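Work through the exercises below with the structure in view, and try each task before you read its solution.

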Amino acid sequence: MDTAQLLKELTEACGPSGYEAEIREIVRKRFIPLADEVRIDALGNVIALKKGDGPEPRPSLLLAGHMDEIAMIASQIEKGFLHVAQIGGFDARVLVGQEVTVHGRRKLPGVIATTPPHVTNPAERDKPATLDKLFVDVGLPPTEVEALVRVGDPITLRASFRQLNGVYATSKSFDDRAAVAAIVLCLEELRRYRHAWDVVAVATVQEEMGMRGAKTAGFGISPTAAIAVDVTFGMQNGLSPAETYKMDGGPTILYGPNAHPRMNEKLTASAKAAEIPYQVEAVSGGSGTDGWALQVSRGGIPTAILGIPLRAMHTAVETVAIRDVERAARLMAEFISRLDDAFAGTLETRDALAAAAVEGRNG
Amino acid sequence: MLLQKLSEATGVSGNEEPVRALLLEAVRGLADECRIDTMGNMIVLRRGTGGSPLRVMVAAHMDEIGLMITQIEDNGVLHFAKVGGIDDRLLPAKPVLIGPRKVNGVVTFKPVHLTEKGERDTVVSWKQLCIDIGAASRAEAEKLVQKGDTAVFATDYCELDTAAGGWRTVAGKAFDDRAGCAVVAELLEDRYPFDLYAVFTVQEEVGLRGARTAAFSVKPDCGIAVDCTGANETPKKKDLSPSTRLGEGPAITIRDNSFIADPRLVDLFFSTGSRLGIPCQSKMPNVGGTDAGAIHMTHEGVPSITMAVPCRYIHAPKGILSLRDFENTVRLGREALRRLPETMKQ
């Protein structure tokens, strides 16, 4: 499978939180040839089951990546121009002059209006854009706009997938389609591996609205363990190395209360054995990923979180190193191929592990 | 379509060659003489039918606003300067194409998650922004770009309103002034009573510099700048009329920051408009400037005027214009040129 082509297809598709229909269909088609069963749950999560070859009942691993993207919504129509509100968190400063798609009665290309410098005064140019002063223009007469657009129609960023230096790629919504791509690539890898556990790949909905898809998917699937894949902050100009991770340095493995220690042990061991570079990401509280919801589903799911370093998150030029997506996929596949019944047993309680750790320290 | 090709071509002030190449192709067969001066202006002579001794210069500028790469950091990041008037506020998170090979890059921006309190209330100066081309080191970056390369917004041309009787709007970059270039190329299809010098100028956006030298060598009796002008129509709190409006026809300049139009020519354009039943609008005075500002001060002075296609969001990544306005600008220009000798006798 061509990773760049997969990333292009996934990122250029639209799927604002709560309106994932278009991207869902693309993901579903990508999952079908790689899985034994594909279904869609009531909230809209796409769930693909790839059966393991261990004896039944088999343990299962849930892989989650969210397919929704942050977007806007038409909040008012004035003289043919659209006022907007947000779905998810943009810095309004990246929206000025941005191309968008308005999902009205048909898809309408549009731009976020700007005032040419010829008619602005210098003081005005020092004031940043705020969402309430931004308008979307679809270049149609006001009557036509009224007929085609309703208040409440979603509006997505419009961006083309572009490769940078053959190493990186830029597009909208790599958050979190990069992870969806990694999961697709992982399923493909798994065709070449034997694995005892069932693998349940989920492209979740509404992560940007509070991990809502992961909540129902975790409950519905009730897996033995879970890995959430999301993007993390890539090193870029103006940010300190303390808050970012190296681009093209492999996926991050998250350490902190959100991650299960035994899952991380096995992930790092798998990475080392397969010579896949990885980075350690320490997060002291909520990870802000589907993993945060999955971990506390039902009676608790042992969870790990992988991060793909991303520059310019939540903009139309989110930038990723293509190899990091492939490495995350391979890492998951290597991990999955090493899962056995014994490992399932070690995940059962965290208390016993804590006790063992204390003993180890005393000894 | 020529407008699309011109819009998608790159030609930041001082680097107009790709645009010139397209126009050279477009006027092939129409030019009685064609030369490119030392500045890079392309001067096309369309000989007259002999009825008038006038020399008339029609000018449209080939250059567009953009960025220039000024520094390459050790970590492969590019710094840039602005070429022409660009509002800093529209630079963050835009894809760009750099240099003659159109290398992909992005004006990268900090994730919203990592902004500090109050930071989002400030405008980030262009000096603090940089371009990411996916290079991990200076050596890697230098394989793709050079200091001094210019960059444009990476914007595709597209049609917005294709409905019969609709606005026929299209969107793209650099309509300022590739729309004007396309109008002038169409004006060359005809012959007029006088010798017409169609000049595709350079460096308008950095101070009307190409038009100045071209007008000096052409030495016209009358100058007409064909430009693309802003239509800032977004709803305002105060009820101010915009400088021009989309769909209301060619915009005629009576006075802007660069010159005062010759009143005879203003009358000519408006009367030609009403004769043809073409809507015309006067551009809000005292805003912007065009090549006419350079032409009218040449030698002992040249009666001049500007006719422009209205366009929303000029000097931004993607503008919107109406092909109806575009075609009406061609029709108005053609007829006004035919009637010009009479006017100049006044």
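**Exercise 1. Find where helix α8(B) bends, and by how much.**

Solution. In this predicted model, follow α8(B) until you come to Arg338(B), where there is a kink of about 40°.

**Exercise 2. Compare the reach of helix α8 of chain B with the span expected at 1.5 Å a residue.**

**Exercise 3. Decide which residues of α8(B) are buried, and what they pack against.**

Solution. A residue counts as buried if 20 or more other C-beta atoms lie within 10 Å of its own. By this test the buried residues of α8(B) include Phe326(B), Leu332(B), Ala336(B), Leu337(B) and Leu340(B), and also Arg324(B) and Asp325(B). Next, look at what surrounds them: the buried residues pack against several elements of chain B, among them the helices α4 (175-187) and α6 (263-276) and the strands β13 (222-230) and β16 (304-312).

**Exercise 4. Describe the largest nonpolar core, starting from the residues that touch the most other members.**

Solution. The core holds 226 residues, and those touching the most other members are Leu63(A) and Ala182(A). Helix α5 (residues 174-190) of chain A gives the most to this core, namely twelve residues. Now take Ala182(A) and set aside its neighbours within four places in sequence; the contacts that remain are with Gly65(A), Val229(A), Ile308(A), Val325(A), Ala328(A) and Ala329(A). As a general point, nonpolar side chains tend to be buried together in soluble globular proteins.

**Exercise 5. How many residues does each chain bring to the contact, and what kinds are they on the side of chain A?**

Solution. Chain A brings 54 residues and chain B brings 54 residues. On the side of chain A that touches chain B, the largest share comes from β10(A), with three residues. Sorted by kind, the residues on this side are 25 nonpolar, 16 polar and 13 charged.

**Exercise 6. Check the radius of gyration of chain A against that of a compact globule.**

Solution. Chain A has 363 residues, so a compact globule would have a radius of gyration near 21 Å, and the value of 22 Å for chain A agrees with this. Finally, note that buried residues make up 55% of the 363 residues in chain A.

Technical notes. Residues are numbered from 1 along each chain as its sequence is written. Chains are lettered from A and ligands numbered from 1 in the order in which they are written. This is a predicted model: local features need pLDDT of at least 70, side-chain atom pairs count only at pLDDT 80 or more; totals for chains, interfaces and linings use all residues. Helices (H or I, at least four residues) and strands (E, at least two) are DSSP runs, numbered from the N terminus. The expected span of a helix is 1.5 Å times one less than its number of residues. The bend at a residue is the angle between axes fitted to the seven residues ending there and the seven starting there. A residue is buried if 20 or more other C-beta atoms lie within 10 Å of its own, exposed if 12 or fewer, and partly exposed in between; C-beta atoms are placed from the backbone. Two residues are in contact if their C-beta atoms, placed from the backbone, lie within 7 Å. Ala, Val, Leu, Ile, Met, Phe, Trp, Tyr, Cys and Pro count as nonpolar, Asp, Glu, Lys and Arg as charged, and the others, Gly among them, as polar. A nonpolar core is a set of buried Ala, Val, Leu, Ile, Met, Phe, Trp, Tyr and Cys residues joined through C-beta atoms within 7 Å. The radius of gyration is taken over C-alpha atoms; the globule rule is 2.2 Å times the number of residues to the power 0.38.
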